[in-house]
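Dear colleague,

Please find below the structure that I am handing over to you.

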Number of protein chains: 2
Amino acid sequence: MKEKYEQLLSIFREIQVIEQISMLLGWDNQVVMPPKGVEQRGNQMAFISKLQHEKAINPKIGELLKEIKESPEYKNLSYEEKRNIYLMQREYDRVTKIPPEFIAEFTKQQVLTHEIWKKARQENNYEEYKPYLKKILDMGKQFANYLNPDLHPYDVMLDYFEPGMNREKYNKIFTPLKEALVSLIKKCLESPKQPRVEILNRKCPIEIQKKLSLDVIPLINYDLERGRLDEAAHPFTTGNYDDVRITTRYLENYFPSSFFATMHESGHACYDQNLKKEWRYQPIGNYCSMGIHEANSRFYENIIGRSIDFWKFYFNRFKEITGTLFEDVELDDFVHAINNVQPSAIRVEADELTYNLHIILRYELERDLMEGKVTVDELPEVWNQKMKELLDYEVKNDAEGVLQDIHWSSGMVGYFPTYSMGNIYGAQFLHKLSNDIPNWREEVEKGNIKIMTDWMKKNVQEKGNLYDPAELVKAVTSEEPNPQYLIDYLTEKYSKLFNL
Amino acid sequence: MKEKYEQLLSIFREIQVIEQISMLLGWDNQVVMPPKGVEQRGNQMAFISKLQHEKAINPKIGELLKEIKESPEYKNLSYEEKRNIYLMQREYDRVTKIPPEFIAEFTKQQVLTHEIWKKARQENNYEEYKPYLKKILDMGKQFANYLNPDLHPYDVMLDYFEPGMNREKYNKIFTPLKEALVSLIKKCLESPKQPRVEILNRKCPIEIQKKLSLDVIPLINYDLERGRLDEAAHPFTTGNYDDVRITTRYLENYFPSSFFATMHESGHACYDQNLKKEWRYQPIGNYCSMGIHEANSRFYENIIGRSIDFWKFYFNRFKEITGTLFEDVELDDFVHAINNVQPSAIRVEADELTYNLHIILRYELERDLMEGKVTVDELPEVWNQKMKELLDYEVKNDAEGVLQDIHWSSGMVGYFPTYSMGNIYGAQFLHKLSNDIPNWREEVEKGNIKIMTDWMKKNVQEKGNLYDPAELVKAVTSEEPNPQYLIDYLTEKYSKLFNL
């Protein structure tokens, strides 16, 4: 049986290598490819996708898994080995349960709907998009049905993107979070103490912003000998192990864009770099879930990067690098400005506090759509109502409303909530970290950021995909995911900032 | 039968796509990869090589080729279709005639010998390298024997790298060339008119050298919307069709290094970009041979780039870009300096005139080694004798002598002569171009470099691999490859430069 297990590992190792090649093709495409290389790259990517799929549906995988699980020696496998078997089976089921003809049709429709969505957003024309959205969401439901016909399709998709999750759990988590946030945001907005936001819009030359990014990266232990920083329209992280690359975006009149994108992506990158060396190319050596990935990026970006503690240390260095640009700015004013609270239309530009309400709005809408309580016809109206209700924001048009995100145009629902789970996990990790290292604030103030990133490495990153996300959180914090830690963290932080 | 032919095209199309991916992995490795990504990239490249090999030895290829050639409809195929069939068969034979066990053993020994060679060169220690060189050359002979046991192994390898070539043809070409060059070089060195070489060593900031490269690239019609320029230790070109990338090397105290490497690689790149669109991914749509590739690079670098005609136009622009750096330099002095003749040890640093003697030396040594007239023991001594004889250069040590090139460490002989064939083809093309466009010099002086590159595109580049190299030369110039054109071109050019 050991031999069969090794055979499986080697099949999955090869699939991982192909995935690495695929990620490199994607990176090159977005960062350095000559503009007219698009079509050629399309051929290459199509070839690699096809190859990946062929390897993943190899019936040999199914046979080996069956034989191993039926073997009397199965029970002697270690937890790690059993987890590998479990993850292989999960992946194999996912790729083999969907009929190839459906995949072809779905992919074709996704490409088409994506193009229609781009145009509709540009022209602020939801009506044109509507029939395509309806069709692709129906196909998304079909996709979920193929995966598991016995569960509600939205529960299938929630579990697909964040293993173990479903509506019941999300409802329980998001309801108290929503209430707490709405009230906290209101208080912040009503506070007489408001930040000097002009600080953020001071013209900061891109060369200086690059210097800042390259200065902060080693501080937070993202290893550039195993990575690189480039520029792209949409910041992203790609690769794993010894080759993990990030991109950021420089705006001359808004330096936080590049600085915090760098910290955010560095968080993702550290996770991918710090996966356990011994488990590389094994399913357990992969990252745990999108939510846990996001927990890492937001831990580095927000919990460290926007904390007063970090800036107590970093502000002097920051001022040195930026010359005279911020010489008149006090530490407290600066930290308040980078933590400004301002309800606005666009999710990806939202602050730490309002962000989660953007997500909860999408979660509730997806859920209601999938439950048939909201129709695609009513979607823009309900969107705008909820924006008013949750964020007291009047949406001006569908382009800044229901059309803003790419996600639904692929027919895939259930992804959005993982973003907020990242924040929830992150705050819960911070709570545990504070118990483990009660003096972390003083250490960070002295520039010892490593004490935080080492904790994350040891407790979260190195565990890879050894557990499903909620199990991982429990293994680390001895408790199921609990939104109260995020509520407490945000309440404490913002009460100080806004003198509540 | 048409259907079988289409099936073959689609198999070879896929092999081409994999080759593109392989080239991208290689480019990334040399240009942008994080230093510690080496091992991971090794896995990816090994996977792609294995995949390429699997696809190339697919027995289906052999069956289809046989069926097509035995079909009564075969004779109705067009020349292009028959040429595709021929090239597919050639490629299939090449990859299937070598036993897989031998390939594995050979590759392993190549990697080892390469490492030993690097160390030996560094330490100027031929003795340590010698037994490995002997072994790998024996394996190289074995490789040739597998390909064709009926021919002399060196003839097999000459044909392998430049289809249609053998010792008889090379001897006939290189003998008059050698005599003419030895005499011409002697005259140049004895001439009282010698160039002001200090011009070449003026400190030229790398930023300015980059500007020069980016200025000259569009002039010679290498399309950067389908390519890019980067920096690497050893300049190279990679990719094809709509994604062809070049690198150059900047030396602050020797600007010709980057400028002419850019022109050289742009020549390679134009060839790869200008392959006929309709034939992409077909064997006939590939480049013809290494020699014809080199004919392109040297045509752009030397025939255009080091000509007085080009500089009559370009020198003012060059001076504008370089500011005051060359303001005291006259056109004639500049052109003389960039065409300096100076026998020296290292092939890759040799000038246009001495370069071919470096090649002929290697050709004669390879030939004599393979014929058993020279042994690996005698190699350094014979090398040094020949350097004295051909270039009147006293080799100081083996590091600058027999150890300088990487080629033999792979056990592959027969590649070197293709470099000189590039010069021979190029001069012959120039002769034909001069008949077709008698006023090309005046056009180039006016800045119309396109008239030259368009001619190359139409007459050479677009023909791809429609003919073997000698046939291509004949199709273009109505004559077999003839070294006299190179002799005449060099004699005329250098007589003017050195007042002979």
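**Findings**

Tyr281(B) is buried, as 20 other C-beta atoms lie within 10 Å. Please note that this is a predicted model. The place of Tyr281(B) is the loop between helix H10 (255–274) and helix H11 (290–304) of chain B. Although Tyr281(B) is not a glycine, its phi is positive, at about 70 degrees.

A residue of chain A may be described in the same terms. Tyr241(A) has a phi near 60 degrees, which is a positive value in a residue other than glycine. Tyr241(A) sits in the loop between strand S2 (237–240) and strand S3 (243–248) of chain A. Tyr241(A) counts as buried because it has 20 C-beta neighbours inside 10 Å, and 20 or more is what the term requires.

**The contact between the chains**

Chain A contributes 25 residues to the contact, and chain B contributes 25 residues. On the side of chain A that touches chain B, helix H1 (2–31), helix H2 (38–56) and strand S1 (227–231) of chain A each supply at least two residues. H1(A) gives the most to this side, with six residues. By class, the residues on the side of chain A that touches chain B are 10 nonpolar, six polar and nine charged.

One pair of helices from the two chains deserves a description of its own. The axes of H2(A) and helix H1 (residues 2–31) of chain B come within 10 Å and cross at roughly 100 degrees. The two helices, H2(A) and H1(B), are therefore roughly perpendicular to each other. From H2(A), the residues Gln40(A), Asn43(A), Gln44(A) and Phe47(A) meet Glu14(B), Val17(B), Gln20(B) and Ile21(B) of H1(B). The contact of H2(A) with H1(B) has three nonpolar, four polar and one charged residues.

In soluble globular proteins, nonpolar side chains tend to be buried together. The largest nonpolar core in this model has 98 residues, and those with the most contacts inside it are Ile220(B), Ile304(B), Leu353(B), Ile360(B) and Phe429(B). Helix H14 (residues 352–370) of chain B gives the most to this core, with nine residues. A second, separate core has 97 residues, among them Ile217(A), Val244(A), Tyr271(A) and Trp383(A).

Which residues are in contact with Phe429(B), leaving aside its neighbours within four places in sequence? They are Ala295(B), Phe299(B), Val460(B), Val476(B) and Thr477(B).

Buried residues are also found in helix H13 (residues 331–338) of chain B, where Phe334(B), Val335(B), His336(B) and Ile338(B) are buried. The elements that cover the buried residues of H13(B) include H10, helix H12 (308–322) and helix H20 (484–497) of chain B.

**Helix packing within chain A**

Two packed helices are described by the angle between their axes and the distance between the axes. For helix H16 (residues 417–436) and helix H19 (residues 469–477) of chain A, the axes come within 10 Å and cross at roughly 15 degrees. H16(A) and H19(A) are therefore roughly parallel to each other, and their crossing is left-handed. In H16(A), Tyr425(A), Gln428(A), Phe429(A), His431(A) and Lys432(A) meet Val473(A), Val476(A) and Thr477(A) in H19(A). The residues of this contact of H16(A) with H19(A) divide into four nonpolar, three polar and one charged.

**Two further residues**

Tyr126(A) belongs to helix H6 (residues 126–147) of chain A. Tyr126(A) is buried, with 21 other C-beta atoms within 10 Å. Beyond its neighbours within four places in sequence, Tyr126(A) is in contact with Ala120(A), Pro380(A), Asp398(A), Val402(A) and Leu403(A). A separation of 39 Å lies between the C-alpha atoms of Tyr126(A) and Gln428(A), which are 302 residues apart along the chain.

Is Gly164(B) buried or partly exposed? Gly164(B) is partly exposed, with 15 other C-beta atoms within 10 Å. Gly164(B) is found in the loop between helix H7 (153–161) and helix H8 (167–190) of chain B. Leaving aside neighbours within four places in sequence, the contacts of Gly164(B) are Asp159(B), Asp468(B), Pro469(B) and Ala470(B). The C-alpha atoms of Gly164(B) and Glu70(B) are separated by 25 Å, and the two residues are 94 residues apart along the chain.

Yours sincerely

How values were computed
Residues are numbered from 1 along each chain as its sequence is written. Chains are lettered from A and ligands numbered from 1 in the order in which they are written. This is a predicted model: local features need pLDDT of at least 70, side-chain atom pairs count only at pLDDT 80 or more; totals for chains, interfaces and linings use all residues. Two residues are in contact if their C-beta atoms, placed from the backbone, lie within 7 Å. Helices (H or I, at least four residues) and strands (E, at least two) are DSSP runs, numbered from the N terminus. Ala, Val, Leu, Ile, Met, Phe, Trp, Tyr, Cys and Pro count as nonpolar, Asp, Glu, Lys and Arg as charged, and the others, Gly among them, as polar. A nonpolar core is a set of buried Ala, Val, Leu, Ile, Met, Phe, Trp, Tyr and Cys residues joined through C-beta atoms within 7 Å. A residue is buried if 20 or more other C-beta atoms lie within 10 Å of its own, exposed if 12 or fewer, and partly exposed in between; C-beta atoms are placed from the backbone. Axes are lines fitted to C-alpha atoms, for helices over the stretch in contact, and angles run from 0 to 180 degrees between N-to-C directions. Angles under 35 degrees count as roughly parallel, over 145 as roughly antiparallel, 65 to 115 as roughly perpendicular and the rest as oblique. A crossing is left-handed if the near helix is turned anticlockwise from the far one by less than a right angle, and right-handed if clockwise.
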